[in-house]
Amino acid sequence: MVGVSMNSKQEKLPRTSLIFWVSLSLCAAVAVGGILSPETLANAATTYTRAAFSALDWFFMASVTAYLILAVWLAFGKYGGLKLGRPEDTPEFSTMSWIAMLFSAGMGVGLLFWGAAEPITHFTAPPIGESGTPDSARQAMVLTNFHWGFHAWAVYGLGALILAYFGFRHRTPYLAGAPIRYSFKGAWAVPVAWIADLIAILGVAFGVAGSLGMGVLQLQAGLHIVAGTPADSTTMALGILCALVISYMISAATSIDKGIKWLSNINMALAAILLVYILITGPTDYILATFVTAVSDYTSNLVGMSLRLYPFDGIDEWFASWTLTYFIWWIAWAPFVGIFIARISRGRTIRGFVLGVLLAPTMVSILWFSVFGGTAMHIELEGGGGMAAAVTRDVTTALFVLFEELPLAPVLGLISLVLIFIFVVTSADSATFVLGMLTSKGSLNPPTRRKLAWGVGLGAMSAALLMSGNIDTVKAVAVMGAVPYALILLLQIAALLRTLPKERLGQHQRGREKEGS
Amino acid sequence: MRLMALVALVLSTSLGCQSSRDESLQIGAKPFAEQAILAEAIRHLLIEDGLDAEVVTCSNSFDCQRRLRDGDLDVMVEYSGTALQFVGGPTPDREDPISQVRRLFRPLGLTWLEPLGFDNSYSILVPVNQGATQGIESISDLAQLPTGVRVATPAEFLRRSRDGLQAMVRFYGLRLSDEPLVIADPVERFHALREGRADIAVGYGTDGSISNLGLTELSDPQHFFPPYRAAIVVRQETLEQHGQLEARLNTLAGRLPTDIMRQLNSAVQVDGDAPESVALRFLEELDLIESETPVHRAKHVPPILVSYSKQDTLGPETARAFRAVRHLFPGRPLKRLTSFRDPLVPVSSGRAHFSVVSAERFFMKHYRRPPPVEAVAVLGIRFVHLIGPAEDRDEGAPLQGRVGIQPELSSGGFIAETILSTMDENATLRGEIPVLLNKIRSGDLDAALVVTEAGATEIARPFSRGGLRISSIGSWLSPRRAVNMPYLRRARIPAGTYANQEVQIDTMSVQVVLVSPSREREAITGAAGPAAALSTPMRPLTSAQIDRLSEATGILETPDAVLPSLWTTGRDAMDHEGRNGSGLLETILNLLVIAFLAWVVFLVLRRPTPHAMSDDSSS
């Protein structure tokens with residue numbers, strides 16, 4: 001192991017330093033450019049993302065489904081028993097903490113906002129069929145779970161699995177290019193791997209800066225609804241950003257098993273309190289019935305939905321703005337969430353990892369949507385109504401309108417604002433960590449100075465985005481990394497598929513192989 | 001119909017809120033805006049007092065009256081004149097109508113509270129100086145119409161036996177020329193009038209739309225219509241059950257003079273606001289309820305911003321825009337945003353959701369490329385009017401000489417200026433239409449070139465005094481000019497639009513449209529996504545919303561094909577190949593990705609090279 005790392009040190013030291021400076025200065029250029037000429041930044045970012053996404057819809061849809069199939073094959077195929085690490089390695093985090101961290105990093109704040117809003121949106125404006133009917137209610141739950149379920153976690157899980165496999169098993173650095181460097185020996189491999197590293201860094205930086213900017217705007221909208229603070233003041237937005245930056249910098253200055261872990265656990269605790277509170281004070285039996293129905297509907301529709309592109313239904317627009325958008329978002333977030341999940345998953349088997357990453361979060365999100373969406377549906381169908389009107393009026397208010405139907409509404413509103421804040425801080429903290437990792441040769445514990453440098457960089461980029469004042473730009477920048485990263489992910493998969501057959505499977509696996517053949 | 005739907009919506013929400021249906025007081029409302037507003041006001045007064053109440057819409061006055069007497073309803077607002085029809089009609093004596101109904105209704109167990117303040121009499125309306133009814137001032141004069149009277153009316157007026165249409169026709173000795181047009185929505189009724197489909201329209205004295213639609217009321221010289229003083233009627237047993245009720249409801253007494261009621265009605269009928277929110281605003285202003293916001297109304301809902309330019313004087317179109325937008329976003333506050341220069345700018349820079357503009361705004365020189373906005377609905381059509389003195393019989397060069405046009409920065413001023421510049425002419429004077437027409441009359445101008453809707457009051461009124469004439473200008477629009485001013489279309493002003501205008505006027509028209517951010521501008525990343533919870537404030541509309549919007553304007557015509565819109569750029573926001581060269585970019589991206597996929601497949605499938613064997617898998 002020492003030899004390998006010495007070797008990689010000699011080979012990559014200049015390049016990794018180079019990559020730190022190149023990527024940081026590219027980010028700085030975007031930040032400065034955004035402040036000096038927001039119009040140019042907005043035009044460039046939106047033109048590029050729009051062209052890429054409208055041309056490549058088939059590619060994103062097919063690849064996300066392919067990832068899911070591949071993940072399932074890996075879990076149940078002959079390599080399922082391989083451990084991500086040495087045989088004697090044990091998981092670093094308890095399974096509960098692990099799932100909590102998966103969830104905080106991967107879904108974040110969107111879950112809170114869309115919990116009630118998305119089922120109600122599909123219920124009132126279904127892509128197919130009549131709105132407001134029992135059928136459309138069921139369809140709404142299925143679609144929501146489809147967007148937040150296995151497919152999302154297949155994207156994250158596969159990216160993470162590859163890095164974890166190469167990192168823990170073959171001692172490569174935790175860089176996007178490492179699997180390529182390891183598996184392919186052609187002359188092209190070294191520059192391509194370097195580009196892959198750079199794309200991953202930029203993808204994470206842009207994605208998180210964009211998300212940070214959106215988190216700020218969400219908090220601002222939430223504060224506006226709950227406390228009546230100004231809704232569109234840039235000063236206010238920058239103030240919130242400052243608070244966020246200070247918080248995640250403090251968290252980043254501590255080690256991962258303190259800062260991020262604690263934040264994730266607080267997050268999950270608060271989210272769980274909300275969930276259980278609504279489950280109890282809301283229409284409990286209705287919610288549970290929704291949950292059971294949703295699980296059954298989702299699993300029985302999974303295959304059909306995964307490959308459906310609705311060419312005959314005239315709902316391309318719906319499809320593009322929902323399903324496709326979600327899938328692109330998951331890919332855009334994959335370099336960041338993937339590396340982070342890889343980092344916290346040492347010592348688990350491929351099967352355990354895939355099942356954990358796919359099943360646990362999916363079941364939790366089905367439960368989540370059943371509780372929030374089910375309560376909202378209950379208000380709409382059996383109770384006083386008003387949810388659909390609230391969602392049509394302004395999606396951000398849906399959660400707060402839902403709370404008004406429950407006891408202690410102001411407290412719930414406050415909890416959810418705290419939750420949003422911590423979610424955003426956790427994401428940003430994980431991102432500085434991941435960026436630190438990526439720019440210090442994939443070290444599992446990057447130096448604090450480098451993390452803080454990235455923290456400042458992210459803050460500056462978010463400030464630039466906020467000052468451009470154009471939300472479209474913020475969004476476009478956040479998903480800009482999706483296209484190149486989708487290609488990198490394919491190369492990584494190729495690397496994995498070429499390296500796996502060389503594994504000498506243990507006795508157990510070999511036995512299984514014989515039985516199977 | 002829309003009004004009914006609105007009322008039904010309010011009803012269903014309010015019904016749903018109440019837990020114990022049996023206990024709650026039933027408030028009756030006839031199916032029109034005024035009744036819905038007043039019923040909501042009563043409901044909120046009662047809720048404020050801790051009583052449960054719900055609004056029930058009955059199908060008409062007869063239905064309401066029957067249900068009130070049967071005890072299905074507890075309270076409603078009734079008009080003295082209407083009520084008297086049910087108990088034998090008004091007596092000819094000079095008794096105060098309210099004390100008369102009080103006396104007649106007491107045996108029925110119904111108590112009339114203090115009058116609210118307004119008198120909602122029927123009114124017979126005609127357009128100002130237009131069409132067949134020019135010069136007619138009273139209902140009795142209608143008998144002079146040689147071909148009989150064409151009537152646009154709400155259904156109930158047909159059925160009422162003592163103060164209805166037939167009774168009126170018999171009373172004044174009129175003759176109907178056709179089957180009456182039955183139109184429920186008052187605004188549509190008045191449009192029928194203005195479009196010449198009817199000679200008179202039946203309205204209510206408190207209709208919110210009368211004042212801004214250029215209508216006058218005919219006098220009722222022989223007092224066919226009794227007074228219709230509005231008051232709250234409550235069942236006696238209900239008053240006895242709830243001691244505080246009478247005092248509480250009487251707080252409204254006298255608080256609703258006719259002009260206030262007209263404003264409230266206008267908020268619903270013209271601006272399309274929800275009756276409940278209009279009622280709440282009114283009660284809050286009078287301090288009759290705490291202004292603490294009730295449940296179900298989010299506290300800080302950001303308003304929808306509609307921008308328009310004051311100089312453009314697009315009054316009716318802006319009103320129509322408000323109605324349509326309210327219809328699309330029910331319950332959401334609307335805010336007007338006046339812009340001085342270009343009303344497109346607030347939308348294109350993301351500061352307003354909508355803008356009311358005339359089509360030529362899209363073609364202003366300062367746009368090097370099209371602004372990122374699109375037309376979502378047509379709000380009206382404006383015509384180019386070339387007006388000169390009546391005695392001028394020279395048809396040859398009407399555009400030469402001293403020509404007056406509308407003010408600088410106004411839509412009409414811009415069009416007229418562009419037309420004049422093609423003739424190498426300059427405007428002698430800029431001013432509002434009445435000023436220009438006065439100058440023609442006084443001989444200071446040879447012509448006025450103005451753009452406004454056909455039959456506009458500000459032209460119709462001076463025309464009825466004579467001395468003016470509209471000339472045809474349609475032949476000016478040569479194909480070459482049509483290319484330079486693509487927003488102009490050949491059109492004709494129908495004969496009889498203005499006084500003494502016996503022939504059609506051949507001229508040009510331009511659309512007035514509602515504009516919202518371009519769907520093209522939105523990144524494909526829509527509202528969805530893990531971190532995309534925030535609602536983008538100025539998001540483009542979906543095509544379904546656009547469909548609903550153009551339905552709500554009542555004008556089914558699509559925006560002119562030269563304007564960017566749903567109908568010219570395609571329903572699918574992504575379907576823009578060929579625009580801005582992105583088609584090429586998309587093809588290249590596709591080819592690159594396919595090549596890349598092929599390469600990856602090749603990498604996986606080719607035979608492993610011996611030295612690629614890993615050296616540390618043994619560890």
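Predicted model: local features only at pLDDT ≥ 70, side-chain atom pairs only at ≥ 80, totals over all residues.

Visitor: OK, switching to helix packing. At what angle do H3(A) and H14(A) cross?

Guide: Roughly 140°, with the axes of H3 (residues 57-76) and H14 (residues 350-381) of chain A coming within 7 Å. That makes H3(A) oblique to H14(A).

Visitor: Left-handed or right-handed crossing?

Guide: H3(A) passes H14(A) in a left-handed crossing.

Visitor: Which residues in H3(A) meet H14(A)?

Guide: On the H3(A) side you've got Leu68(A), Ala71(A), Val72(A), Leu74(A), Ala75(A) and Phe76(A). They meet Ile350(A), Arg351(A), Val354(A), Leu355(A) and Leu358(A) in H14(A). By class, that contact of H3(A) with H14(A) has ten nonpolar residues, no polar ones and one charged.

Visitor: Now chain B. What's the strand order in the sheet with S2 and S4?

Guide: That one is an open sheet of five strands, ordered S2-S1-S3-S10-S4 (chain B), with mixed pairing. Strand S2 (53-57) and strand S4 (110-119) of chain B are at the edges with a single partner strand each, so one side of each has no neighbour in the sheet. The twist averages 30° from one strand to the next.

Visitor: And do S1(B) and S2(B) pair parallel or antiparallel?

Guide: Strand S1 (residues 25-29) of chain B and S2(B) pair in the parallel sense, over five bridges. Gln26(B), for one, has Glu54(B) in S2(B) as its bridge partner. Helix H2 (residues 33-48) of chain B packs on the sheet, and its direction makes about 160° with that of S1(B).

Visitor: What about the sheet with S7 and S9 in chain B?

Guide: It's an open sheet of five strands too, in the order S7-S6-S8-S5-S9 (chain B), with mixed pairing. Strand S7 (181-182) and strand S9 (215-217) of chain B are the edges; each has a single partner strand, so one side of each is left without a neighbour in the sheet.

Visitor: How many bridges link S5(B) and S8(B)?

Guide: Four, in the antiparallel sense, between S5 (residues 122-127) and S8 (residues 200-204) of chain B. Tyr122(B) stands opposite Tyr204(B) in S8(B).

Notes:
Residues numbered from 1 in each chain as written. Chains lettered and ligands numbered in written order. Heavy atoms only, no water. Axes fitted to C-alpha atoms, helices over the stretch in contact; angles between N-to-C directions. Helix = DSSP H or I, 4+ residues; strand = E, 2+ residues; numbered from the N terminus. Parallel < 35°, antiparallel > 145°, perpendicular 65-115°, else oblique. Left-handed = near helix turned anticlockwise from the far one by under 90°. Contact = heavy atoms within 4.5 Å. Nonpolar A, V, L, I, M, F, W, Y, C, P; charged D, E, K, R; others polar. Pairing = 2+ DSSP bridges.
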